[in-house]
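The sequence and structure are shown first.

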Amino acid sequence: MEHFHYESFLEQLRNEFELDVAALAVCLPEENHAIRWKYISGNISENYRRIVLYSGKGTAGLVVKTGKARIIENVKEYYSAGNLYEHPILVSEKIESFAAIPFFKNQRVCAVLLVGSRTAGKMNQVLFQEIFSHLPEKVGSYDTGELIGN
Amino acid sequence: MIQITNEKMMAFLIKMYENSSEAIFFLDGEGEILALNPSAEQIINPSVLEAIQQGTISSLCSFCRGYTSDEELMSCTNCYLKNPEGDFSSFQVYLETRNKGVIPYAASYYQIDPEQEIFVFMLRDLTLQFKTQENLYKNQMVKQTIEAQELERKRISRELHDSVVQDLVSTLVDLRVSKYLKEDELRERISETEGTLNRLIEDVRNISVFLRPASLDDLGLEAAFRTHFKWIEKTYGIRVNLKSMISQMRYRHDIETAVYRICQEAVLNAVKYAGISEIDVYIAESNRHLELFVRDEGEGFNTESPTIKGTGLGVFGMTERAELIGGKLRLYSEQGKGTTVYLSVPIQLQPKERVET
């Protein structure tokens, strides 16, 4: 379990569902509970390395705060040009549709899986359900599937 | 309509000439004044008027201070008197007037008798119209200021409500629950609560710095920039390369604030709209001016007809701030070629502060 290879898990997921980006953001209790994009597959930019989010900030921060998955089928329609920059991962990776899914440890959100496409509408409720039911119960040290209120 | 005789028409015209609120001058082909009506007499300084009536002065130049051309507010290039080809059916002219100093008039100048080369020069006072315009502008400004203020309050209020209050409530719940926990569970809960409180401190600090960075007051522009750019890098994943040639120099309070805010706005604009991963900021002193460049190699935009993506107030606010401290702001951008914001502010050496340091 210690040596779980997150990168290949992300790459497999990305290939299987024909997505452009898959990434995992992780809460870091040792860094004041900062959230960083630690593993990524299919990225076109290195900006993700610099991003440090907190609960409630950015796409991963919102999922950590609410504990709920977020499915946006059309990023450009959902966010105005003046708001999108608050979600830097979507900007730097040019993501047009995505799902962000919470991963748990001891019933607390400790990581966020982002699966996205650079085509609007590619990610939708149907595909999200498909990916969600495909996820194993445990991904590395994280539990999946404890969607609160879903 | 009843046909009127020439005599009647003559009488009308004379009455109009005498009673019109518009100033009327008749001039010959050389631009010499042949006649002026009572309204015109009212405008001109008594001493000049006397000289005109005595015939010692006969030129408009004795009280004209230039007209508004495409290039200049008050210009004598291509003077309307000496440029018969030009269209001067409606233009703005500045005159030295009795009691009111140099003020603008709406003017028209054209030939009424080609054979004898007689021209008419008519003026309408624009002061009232200008005042109305100024009031309109002022009212719009006040409205925009209030709107911006409300927007900022909304942002702060939301930030307080969403992060600070929520985290406090969750800490409170944690504390209440912990009364019923076993020792090992309790220890874990305490460390989680500690984390929440640490995050809360960070949030409050961020809100406070965003409102007014203390480092700007205590340590000056360069230090404040470094802190802010580090925050930008973490929050948006975009690197800001700061090249500062001012080291720890301090400037007047209002100048430091304005330069900081203008830079902040320019950088945020680049973050929002340029689609880049790096921004260059350069700040230096040259010829008693403080100069700031904020440059990105991003999307750029057409400066002539920009597509407004935000409130459209950002650039307006930057220009206003620059003008308030006697500086000037320039924006260079082209579609696909990035954007440069350039600010130049005159600085005077401050003897008092020099002694202190």
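## The five-stranded sheet

In chain B, five strands form an open sheet with mixed pairing, in the order β7-β8-β9-β11-β10. Strands here are DSSP runs of E of at least two residues, helices are runs of H or I of at least four residues, and both are numbered from the N terminus. Two strands pair if DSSP finds at least two bridges between them. The edges are held by β7 (239–244) and β10 (328–333) of chain B; each has a single partner strand, so one side of each is left without a neighbour in the sheet. From one strand to the next, the twist averages 15 degrees.

Seven bridges link strand β8 (residues 278–286) of chain B to strand β9 (residues 289–296) of chain B in the antiparallel sense. Within this pairing, Ala284(B) stands opposite Glu291(B) in β9(B).

## Basis of the model

This is a predicted model, in which local features need pLDDT of at least 70 and side-chain atom pairs count only at pLDDT 80 or more, while totals for chains, interfaces and linings use all residues. Residues are numbered from 1 along each chain as its sequence is written, chains are lettered from A and ligands numbered from 1 in the order in which they are written, and side-chain values use heavy atoms, with hydrogens and water left out.

## Helices across the sheet

Helix α7 (residues 221–236) of chain B lies across β7, β8 and β9 of chain B, and runs at about 165 degrees to β7(B). Helix α8 (residues 253–274) of chain B lies across β7, β8, β9, β10 and β11 (339–346) of chain B, at about 10 degrees to β9(B). Axes are lines fitted to C-alpha atoms, for helices over the stretch in contact, and angles run from 0 to 180 degrees between N-to-C directions. Contact means heavy atoms within 4.5 Å.

## The six-stranded sheet

Chain B also has an open sheet of six strands, ordered β2-β1-β6-β5-β4-β3, with antiparallel pairing. Its edge strands are β2 (33–36) and β3 (64–67) of chain B, each of which pairs on one side only. Neighbouring strands of this sheet are turned by 30 degrees against each other on average, direction ignored.

Strand β1 (residues 23–27) of chain B runs antiparallel to β2(B), and three bridges join them. Leu27(B) has Ile33(B) as its bridge partner in β2(B).

## The annotated cysteines

An unreviewed UniProt entry carries the annotation "binding site" for Cys61(B), Cys64(B), Cys76(B) and Cys79(B). They span 19 residues in sequence, yet no two of their C-alpha atoms are more than 10.6 Å apart, so they gather at one spot. UniProt positions are given in the numbering used here, feature names are shortened, and annotations may be inferred rather than shown by experiment.

Cys61(B) is placed in the loop between α3 (46–54) and β3 of chain B. Its relative accessibility is 45%, so Cys61(B) counts as partly exposed. Cys76(B) belongs to the loop between β3 and β4 (91–97) of chain B, and counts as exposed because its relative accessibility is 63%. Buried means under 20% relative accessible area, exposed over 50%, and partly exposed in between (1.4 Å probe, protein chains only).

## Chain B as a whole

The secondary structure of chain B comes to 10 helices and 11 strands. Its C-alpha atoms fill a box of roughly 115 × 55 × 45 Å, taken along the principal axes. Of the 357 residues of chain B, 36% count as buried.
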